[in-house]
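I opened this notebook to record what I looked up, residue by residue, and to keep each entry to what could be read off directly.

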Amino acid sequence: MRIPAPFLFPRREGLIKLSFRETVPLLKSYAYSKVQPQFKAVLMVSIFLILTQHFILGVSLENAISVGICVGAAILGLSFFLEGLFLGVMPLGEQCGMRLPAKIGVIGVAVFSIIVGITATLAEPAVVVLQHQGSVIPAWNAPLLYLLLNRGTSWLVAAIAIGVGLSVVLGVYRFLFGWGFKPPVFIIIPILLVVSSIFDRNSILRPVVNLAWDTGGAATGAVTVPIILALGLGVVKTGGKSSNSSGLGLVTLASALPVASVLFLAFLISPKVPMPSDAASFFSGEEGQRAKAVYVAGSEENLVRIANAAVHSGDISREEFNMNFPGITNYERPVLGNYSVFSSSSIWGFFKIAMMAVVPLALALIIAITVIARDRILNADIVVLGIVFAAIGMFLLNIGMEGGITAISSQTGSSLKQAYRETYLTERTIVLKGFDENSLVTVPSEHGPQAYIYIPGEDGPVLERFIPSQLSSIYLDDEIVEQTYSHILPEKGRFSRIGNMGIYLLILLIVFFLGFFAIFAEPALAVTAVTVEELTTGIFKRNKLILLAAIGVGGGMALGFGRVLFSNLLPAGGIHLSWILVPCYGIALILTIFAPEDFSAIAWDTAGIATGPIAVPIMITTALGLGEDSLRADGAFGIVATSSVFPIIAILVSGIIDKVKSERALRSTNEN
């Protein structure tokens, strides 16, 4: 059936026509009002990162011009994207929520909600950030985590999308049938905590627990939150039985169920991957081990490539490589290409991501309205403009985040290590001539024997780990006549004089303020804060909600980074994420018992909303810069999870205090 153009784009009578001179001031004012808030928010966190890196950590910003251009792109992209959601995507979602239940029934709504949840998740910028972090995970340290973040990224995204889709179904049903907010929370969260605690006892599954909880925060961002809130509001406006007129409560489910789906995926494929081990054991030629290692790598060729990189990083020796891969002598150092966000391939990649993120979601909503509900799209011309704005915004935001915000936070994370970790300068290289096998000393360790070599130091010879790639040979007639070993002398950390504990506290203070400032740039949080102020008739101010969320996220980031740092002082295994989440969520659940229904939904939803497209990339990239120095391969993950739970506690405590004060004031008034 062909839908006539006037049906989609009805003519409007009585429109005021303006000349070009009259239009320009209006457009300038409109653009300024949309860009100015994003300019302040993004610039605030960017300046904090740059100043911290330069004045405290003593490291200058790399590629400053490129980073500055990309930060500007992020500001424009966020402005376009938010306006596009407001003009195009959200009205479509709300209209679907209003029209579909009466047309397709309960089962039809369930199917449609799953489709919308999946397409919205595919558009989330923060989920894309999670996908890009697989390259820093050593395959032998966390095989299952490596698998999910490399060749298994499509499985991971599918699991997250299915979790969000199911959460949208439950949320819409909650509004349709008047289900309370608290029962699902008291059922789902404890189950997730118990399963996470069990998985934490399994060395294969443990690293994935951190990733799973992070996906819950990453999945509820600038795309998912507005669309599911719009769906909820649409259902409520059609006479849903829920008393909650704000549409809140859906985000909590959208944060929790992806955790469950990722954990379930990990459980299904865990028997196919090997146990975490040292690199030599991972590449072993034993039949069972080799089959599992190939499954992780994807092919024998990929496994050889990973092993070749391990040779040059010093994780395995050439002899171990030859023993496990006989007949293969490719020792070429892996070549890293010069990546630029401004290259034609990168620009085309960002364009495709933007189109695939916005267009499928918009088409799903338009088809649901025009074909299934047989309704016309309200203000269709404005909606189309909004979809175009959203696509442009997603394109610019991806460029800005990749080359600007995440680039700065990654540099800051790497600079944080220099506060306590020794750095190596090529100009301080010592060359040892006359090297032979007798120069090495074998030292036992928890990962097996390790080769060390004596290096001249200020106070005499010092044992340092032997790195095969630093060994050079001089040949004559295909025979080695001399071998030399190069060692770069380390330079002490910038703040080594205050000791490790003092340095760790300094780092935690920095990341607290990093999380604090990042929240002010979160787009969905500002919208939610306005909703909360209206819902509470001005009692709970929007600025108070944002401040509490900022304090909570800052505190959660500090706790998450503390887990990474202090794990370095503990034996292998470190501090498990469940040791933090179980007591924190336990406190949140207890506080929820005493908090009003609507206010509980506000607190729990804010936790998911606060970790969005700005905060999540900053958390993960900063943690990756620091976390690769951790004894744990999963050190960079779990930060989003700890940053999500603290805002719940902070807002619930504040709400309960306000409630008690109000009751006392009312009681005092009645007595008088």
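Before the first entry I noted the term it needs: a nonpolar core is a set of buried Ala, Val, Leu, Ile, Met, Phe, Trp, Tyr and Cys residues joined through side-chain atoms within 4.5 Å. I also noted that this is a predicted model.

Entry on the cores. I looked up the largest nonpolar core and found that it has 179 residues, with Leu 144, Trp 213, Phe 283, Leu 365, Tyr 585 and Trp 604 as those with the most contacts inside it. Helix α3 (residues 64-122) gives this core its largest share, 17 residues. Apart from it I found another core, of seven residues, including Ile 430 and Phe 466.

Entry on Leu 144. Not counting residues up to four places away in sequence, I listed Ile 204, Leu 205, Val 208, Ala 266, Ile 269, Ser 270 and Val 273 as the residues that Leu 144 touches.

Entry on Ser 79. I placed Ser 79 in helix α3, and I counted it as buried because its relative accessibility is 7%, where buried means under 20%. Its side chain reaches the backbone oxygen of Ile 75 at 2.8 Å, and, leaving aside neighbours within four places in sequence, Ser 79 is in contact with Lys 34, Val 35 and Gln 38.

Entry on Met 355. I found Met 355 in helix α15 (residues 344-372), and at 26% relative accessibility it counts as partly exposed. Beyond residues up to four places away in sequence, Met 355 touches Pro 360 and Ala 391. I also looked up Val 388, which is 33 residues from Met 355 in sequence and 9.8 Å from it in space, C-alpha to C-alpha.

Technical notes
Residues numbered from 1 in each chain as written. Predicted model: local features only at pLDDT ≥ 70, side-chain atom pairs only at ≥ 80, totals over all residues. Heavy atoms only, no water. Helix = DSSP H or I, 4+ residues; strand = E, 2+ residues; numbered from the N terminus. Buried < 20%, exposed > 50% of the residue type's maximum accessible area, 1.4 Å probe, protein only. Contact = heavy atoms within 4.5 Å. Polar contact = N/O pair within 3.5 Å; in protein donor to acceptor, adjacent residues only side chain to side chain.
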